[in-house]
Amino acid sequence: MELRERYEEDLALVLGLPAWLGLLVALAVLVLFPLLAPRYLVYIVTLMAIHILVAIGLNLLTGYTGQISLGHAGFVAIGAYTAGLLMVRVGVPFPFAFLLSGFSAAFFGFLLGLPVLRLTGPYLTIATLGFGIAVHQVLTNWEGLSGGRMGLFIPKPSIGPWTLASEAALYYLAVGTTGVLTWIAYNLVRSHIGRAFVAIRDSDVAAEVMGVNLMVYKTLAFGLSAFYAGVAGALQGHLLGYIEPQMFTLFESIYYFSMIVVGGLGTIPGSILGAVLMTILPQVLSGLREWLPIVYGGTIIFIMAVEPWGLYGRWLRIKWWLKTWPF
Amino acid sequence: MGQSLLEVKDLTIRFGGIAALAGVDLTVEEGELVALIGPNGAGKTTLFNCLCGIYRPDRGEMRFAGHDLRGLRPDAIARLGISRTFQNIELFRNMTALDNILLARHIHMRVGFWDAALATSRWWREEVRHRARAEEILDFLDLQAARHRRVADLPIGQQKLVELGRALALEPKLLLLDEPSSGMTAEEKEDLVFRIKDILEELGITIVLVEHDLKLVMGIAQRVIVLDHGQVIAEGTPAEVQQHPDVIRAYLGEESLS
Ligand SMILES: Nc1ncnc2c1ncn2[C@@H]1O[C@H](COP(=O)(O)OP(=O)(O)OP(=O)(O)O)[C@@H](O)[C@H]1O
Ligand SMILES: [Mg+2]
């Protein structure tokens with residue numbers, strides 16, 4: 001009986017009174033934030049929430065399952081354009097268009113996952129890179145569909161009679177969505193599904209011999225990862241009110257990749273940390289726009305070389321060191 | 001006829017010029033411990049890889065508990081009840097010992113994607129049930145202390161045990177052990193012998209054991225099959241096999257016979 005309780009404690013996400021209090025305070029701060037903070041900061045935190053979604057999705061695929069993707073901007077674009085086109089051209093109400101943005105990106109994720117099942121390492125990376133570039137090219141050149149370089153104006157989302165027009169409303173939409181999807185990601189990675197992902201990353205032969213269907217789980221990782229990116233794309237469209245193909249280039253894919261490398265591969269807190277830091281960075285360096293690609297590239301190389309587990313990994317080690325300190 | 005758990009007929013597989021297996025025939029009865037021995041490069045690991053679906057044999061038959069194994073994917077074969085360990089440890093290096101063992105409960109999970117995603121009470125019950133099973137295996141192998149440690153940080157002997165535990169967690173009917181004692185200390189080897197006997201007698205799992213340590217083999221095997229250059233050159237009780245001239249030749253070379 002005593003043991004049984006301990007298993008459940010091991011499984012719990014939030015354990016003990018201080019942790020619950022901390023969570024409550026964090027939630028209260030998140031709820032009150034847009035009422036108190038300047039509009040610019042509300043916008044930045046909304047953007048952070050969107051980036052966190054992409055980073056968690058990418059980390060499920062790359063950090064957990066070990067399949068490197070340098071084409072995630074393609075999935076973000078598919079989500080943004082699905083939601084935008086469904087609302088503008090077809091008149092689909094926002095909640096459905098929003099959901100479909102995730103599912104259409106997931107569908108393309110599955111499709112990409114099927115042929116790349118046989119690819120590993122650099123070949124897979126090149127395939128995903130090609131996918132991202134292809135999506136950008138299609139959106140740029142198929143003007144009948146996407147509006148091409150002219151872009152597409154995205155209406156404010158509305159749920160029934162309520163229009164989410166203000167910064168605060170969009171903030172709640174983005175932060176709420178990210179909160180729910182982060183919780184789901186946590187649940188998945190501590191379940192047999194997350195174990196199967198990590199098993200594939202560490203030894204795909206052993207995973208298969210122990211009963212994990214590689215095709216199912218690799219395509220699931222692709223689909224899931226793309227779902228997160230697609231939802232983020234839809235949110236980004238609503239936040240900016242406008243989308244055009246130049247927002248979804250290889251540069252953005254590398255930007256997303258740098259988030260998970262900086263924060264920490266294969267962890268959810270690392271995804272969050274990396275997304276937050278990499279959202280702040282371009283704001284701080286706003287005078288150096290042209291240099292950003294070099295900054296991101298340099299950051300990836302630097303972190304990979306010095307701290308392969310990312311900043312979250314470093315933090316865990318510092319925490320461990322403090323705990324054991326005088327000894 | 002044909003009630004053997006495993007039946008292999010005329011199994012052949014080539015890599016480039018050489019036949020790693022050249023017409024292997026063998027059967028394994030339910031509940032027995034068969035040792036598979038032979039010099040380096042004899043084809044022992046290749047046979048395991050064929051049985052697990054990692055390699056596709058060029059010719060021959062493999063039947064397990066009434067199922068044809070040819071053309072099946074490794075995960076489908078795992079579901080039929082064949083599990084194994086690897087000669088060169090193939091653990092999930094960054095997972096804990098516990099998670100390695102839990103992973104092998106995968107085929108027994110009775111919850112789907114949505115139960116896991118939403119952490120339903122059904123998922124909790126299922127997860128706790130498999131945790132309890134994994135803890136039993138950790139206890140059985142004396143691995144409690146390694147439970148929450150990353151397996152790559154464990155000594156080789158313990159890693160070998162985690163791999164054994166992972167193979168058991170699948171609850172197989174047939175267990176293929178590929179040199180489980182290599183890299184173990186003498187003491188660890190002694191323990192291993194008792195554990196293998198327990199697996200056979202208490203858990204009732206049929207075992208095929210590939211092992212270079214002949215003393216260990218002769219002590220526990222009921223039957224020994226000797227493989228050389230991809231062919232079965234002898235088969236019988238440990239005592240019979242040790243007398244067999246072909247075996248002595250294969251192991252010690254021509255001159256030892258004279
Ligand atoms: N994937 C492969 N590609 C090429 N040759 C292979 C492959 N797998 C096995 N072989 C060859 O098949 C033969 C049998 O190898 P195998 O690993 O089955 O031997 P073994 O009996 O397990 O030997 P050991 O005792 O050294 O483990 C060897 O000559 C080996 O080089
Ligand atoms: Mg071998």
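**Entry 1**

I began with Arg131(B) and Glu135(B), whose side chains meet in a salt bridge with 3.1 Å from N to O. I counted as a salt bridge a side-chain nitrogen of Lys or Arg within 4 Å of a carboxyl oxygen of Asp or Glu. Because Arg131(B) and Glu135(B) stand 4 residues apart in helix H5 of chain B, about one helical turn separates them. Side chains of opposite charge can pair when their charged atoms come close. Over all chains, I found 21 salt bridges in the structure.

I note that this is a predicted model, in which local features need pLDDT of at least 70 and side-chain atom pairs count only at pLDDT 80 or more, while totals for chains, interfaces and linings use all residues. Residues are numbered from 1 along each chain as its sequence is written, chains are lettered from A and ligands numbered from 1 in the order in which they are written, and side-chain values use heavy atoms, with hydrogens and water left out.

**Entry 2. The interface of chain B and chain A**

I looked up the contact (heavy atoms within 4.5 Å) and found 42 residues from chain B and 35 residues from chain A in it. The two chains bury about 3,300 Å² between them, 69% of it on carbon and sulfur atoms. Buried area here is the accessible area (1.4 Å probe) that two parts lose on being put together, summed over both.

Which residues form the salt bridge between Glu127(B) and chain A? I found Glu127(B) paired with Arg195(A), the closest N and O atoms being 2.8 Å apart.

On the side of chain B that touches chain A, H5(B) gives the most, with 7 residues. By class, I recorded 25 nonpolar, 5 polar and 12 charged residues on that side. Ala, Val, Leu, Ile, Met, Phe, Trp, Tyr, Cys and Pro count as nonpolar, Asp, Glu, Lys and Arg as charged, and the others, Gly among them, as polar.

**Entry 3. The shell around ligand 1**

I found 14 residues surrounding ligand 1, the closest being Asn40(B), Lys44(B), Thr45(B), Thr46(B) and Gln87(B). A residue belongs here if one of its heavy atoms lies within 4 Å of the ligand.

A polar side-chain atom of Thr46(B) lies 2.5 Å from an oxygen atom of ligand 1, and one of Thr45(B) lies 2.7 Å from an oxygen atom of the ligand. For Gly43(B), a backbone N or O atom lies 2.9 Å from a ligand oxygen atom. H1(B) gives the most to the shell, with 3 residues. By class, I recorded 5 nonpolar, 7 polar and 2 charged residues in the shell.

Note on methods. Helix = DSSP H or I, 4+ residues; strand = E, 2+ residues; numbered from the N terminus. Polar contact = N/O pair within 3.5 Å; in protein donor to acceptor, adjacent residues only side chain to side chain.
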